[in-house]
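Subject: Structure handover

Hello,

Please find the structure below, with notes on what was found in it. Could you read the notes with the model open beside them?

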Amino acid sequence: MVIKWRNWALPVAAAALVLPVATGCVSTPGGAPAAEPTAAPSAARSVARVCAKPTAGPAKAPAGAVTVDPAVVGDLAAKTKSNPPHTTFWLRPGKHRLDPDRYAQVIPKKGDRYLGAPGAVLDGRKKNQYAFGGTARDVTIRHLTVQRFVAPPDEGVVNHDSADGWVIEHATIQDNSGAGLMAGARQRVRASCLRDNGQYGMNAYKAKGRISGLVVEGNEITGNNTGDWERRRKGCGCTGGIKFWAVDGADVRGNWVHDNRGTGLWADTNNNDFRIEKNVLEANDGAALIYETSYNAVIRNNTIRRNNWVEGRREAERGDNFPYPTVYLSESGGEPRIKARTDKIEIYRNVLENNWSGITLWENADRFCNSPANTSSGDCTLLVRDTGRCARPAIAKPPLYADCRWKTQRVDIHDNRFVLDKSVVKCTVKCDRMAVLANYGTYPDWSPYQGEGVAEAITHKQHNRWHDNVYLGPWQFVAQDPSRVLDFGQWQITPYQQDAGSTLRARDGG
């Protein structure tokens with residue numbers, strides 16, 4: 001994990017939003033008027049407001065279901081153990097409890113289904129660490145509230161062991177320590193409320209093997225990281241509404257991700273093939289979205305507003321001139337050699353409104369395989385399986401010179417609408433930037449990436465392109481290093497040649 005110069009280590013009821021499109025034109029370099037590009041369209045987008053009014057479960061036990069009694073402590077775990085795989089369990093209304101032992105938990109069998117009646121709650125009483133664990137596949141949990149479990153940091157309460165094929169629908173997972181939910185391959189999380197958990201709403205991490213085919217759809221993800229773990233473990237990169245690790249193929253759509261302490265959605269370390277679309281990401285303390293040391297993604301048709309006010313402002317007040325953004329691509333880009341539904345990172349038809357800054361594309365010149373500055377648990381890129389190969393003298397020559405570092409490349413940012421009213425954000429400086437940059441390479445002494453080479457590459461040679469966007473408000477642009485702040489005209493002409501076909505109306509942000 002990396003933010004700026006630091007390296008961080010691993011361990012529906014709908015409300016319409018009407019989004020108007022800007023009008024008018026401005027001059028582009030060369031004097032000809034530019035037509036207004038088609039930026040994110042006016043449309044009504046639904047918000048997954050599932051926490052306030054969750055969908056009720058069945059009021060009567062389905063045919064053939066085993067009834068679980070809340071008056072009997074440990075009844076759910078005991079009946080799960082005594083019944084065969086593929087059993088349906090119906091939890092009656094009331095608070096269900098496990099045995100008081102901290103490790104007491106439900107261990108499902110393959111294909112088991114857990115259905116909560118209206119008012120059914122599985123309560124850990126701040127005594128039990130885990131609710132559902134084990135390695136059984138294809139388990140379903142619906143219409144159940146799971147709360148007040150005390151999982152340790154980086155561990156989860158539901159699907160603690162990251163088993164594959166789980167379905168979590170119309171569930172409320174709230175007020176737990178650690179992560180409310182872990183993830184396995186082919187997991188489906190739909191129309192659920194992941195609220196006020198101590199570290200993550202969901203931690204999509206699997207200790208052995210990769211997670212693939214993950215779907216996160218129509219959920220409300222709010223108030224997570226109540227433990228404020230970034231302050232407790234400074235620079236840990238260990239929080240987020242959802243954190244994704246080494247996920248190969250994910251669809252994240254139609255979610256309402258809001259008011260989380262820290263980042264909303266954070267994909268970190270060798271993720272690939274993401275589609276992040278039709279979400280509303282708002283009022284998160286940090287960035288709405290971080291895509292870090294990862295590959296190949298489509299980010300489209302999202303509404304992103306009022307994010308990064310807390311963390312962006314804090315760094316600005318400390319005098320930091322790094323362009324802390326709302327959408328942050330750190331050492332991430334398109335890579336045709338890695339199989340995915342796209343071979344680039346495409347960011348388009350999004351509306352970003354009154355966030356602390358916009359999009360930053362970043363590389364840390366000192367972060368690469370085998371470098372002491374790479375603290376992502378010793379991981380290497382997906383292009384080099386044997387990390388030991390990334391050493392001198394071979395790393396200084398092709399193909400390892402290119403393949404031993406994660407690169408921000410082939411990023412296509414177009415047809416977005418960027419709105420900034422500084423009176424709303426309550427800022428005067430440092431909240432108004434788009435950026436593409438890197439640091440000056442210095443470390444370690446055997447690094448072949450010392451000097452300005454990485455900064456020049458990300459800025460000029462790696463096919464990173466803004467075009468056909470609409471800017472409303474006093475936007476500025478940063479290129480190559482934090483001190484190089486450009487106006488719109490400088491950003492568009494040689495040597496940067498960015499935002500062809502785009503318009504900027506500096507006085508229209510309000």
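This is a predicted model: local features need pLDDT of at least 70, side-chain atom pairs count only at pLDDT 80 or more; totals for chains, interfaces and linings use all residues.

Residues are numbered from 1 along each chain as its sequence is written, and side-chain values use heavy atoms, with hydrogens and water left out.

The sheet

Helices (H or I, at least four residues) and strands (E, at least two) are DSSP runs numbered from the N terminus. Two strands count as paired if DSSP finds at least two bridges between them. On that basis there is an open sheet of 11 strands with mixed pairing, in the order E8-E11-E14-E17-E20-E23-E26-E29-E32-E35-E36. Its edges are strand E8 (156-158) and strand E36 (485-486); each has a single partner strand, so one side of each is left without a neighbour in the sheet. Strand E8 pairs with strand E11 (residues 179-182) in the parallel sense, over 2 bridges. In this pairing, Val158 stands opposite Leu181 in E11.

Helix H6 (residues 453-461) packs on the sheet and touches strand E29 (359-363), strand E32 (433-438) and strand E35 (476-480). Contact here means heavy atoms within 4.5 Å. The direction of H6 makes about 130° with that of E32; axes are lines fitted to C-alpha atoms, for helices over the stretch in contact, and angles run from 0 to 180 degrees between N-to-C directions.

Helix H1

Which residues of helix H1 are buried? In H1 (residues 75-82) they are Asp75, Leu76 and Thr80, where buried means under 20% relative accessible area, exposed over 50%, and partly exposed in between (1.4 Å probe, protein chains only). The three cover an arc of only 130° around the axis, which puts them on the same side of H1. The arc is that of the directions from the helix axis to the C-beta atoms. On the other side of H1, Lys81 and Ser82 are exposed. The buried residues of H1 pack against E1, strand E2 (88-91), strand E4 (113-116) and strand E5 (120-123).

Disulfides

The structure holds 4 disulfides, a disulfide being a pair of cysteine sulfur atoms within 2.5 Å. One of them is formed by Cys51 and Cys193, with sulfur atoms 2.0 Å apart. This pair links distant parts of the chain, 142 residues apart: Cys51 is in the segment before strand E1 (66-68) and Cys193 is in strand E13 (residues 193-195). The torsion about the S-S bond of Cys51 and Cys193 is about 100°, so this disulfide is right-handed. Both cysteines, Cys51 and Cys193, are buried.

Another disulfide joins Cys369 to Cys380, at 2.0 Å from S to S. Cys369 and Cys380 both lie in the loop between E29 and helix H4 (400-403), so the pair ties together parts that are 11 residues apart in sequence. The link of Cys369 and Cys380 is right-handed, with 100° about the S-S bond, and both residues are buried.

Cys427 and Cys431 are also joined by a disulfide, S to S 1.8 Å. Both Cys427 and Cys431 are buried.

Salt bridges

There are 30 salt bridges in the structure, each a side-chain nitrogen of Lys or Arg within 4 Å of a carboxyl oxygen of Asp or Glu. Among them is the pair of Glu292 and Arg367, whose closest N and O atoms are 3.0 Å apart. Glu292 lies in strand E23 (residues 289-292) and Arg367 in the loop between E29 and H4, so the pair ties together parts that are 75 residues apart in sequence. Glu292 is buried, at 0% relative accessibility.

Arg367 also forms a salt bridge with Glu331, with the closest N and O atoms 3.4 Å apart. Glu331 lies in the loop between strand E26 (327-330) and strand E27 (345-348), so this pair ties together parts that are 36 residues apart in sequence. Arg367 and Glu331 are buried.

Lys422 and Asp432 meet through their side chains in a salt bridge, 3.0 Å from N to O. Lys422 lies in helix H5 (residues 422-425) and Asp432 in the loop between H5 and E32. Asp432 is buried, with a relative accessible area of 3%.

Finally, salt bridges that share partners join Arg142, Glu169, Arg190, Glu217, Asp251, Arg253, Asp273 and Arg341 into one network.

Regards
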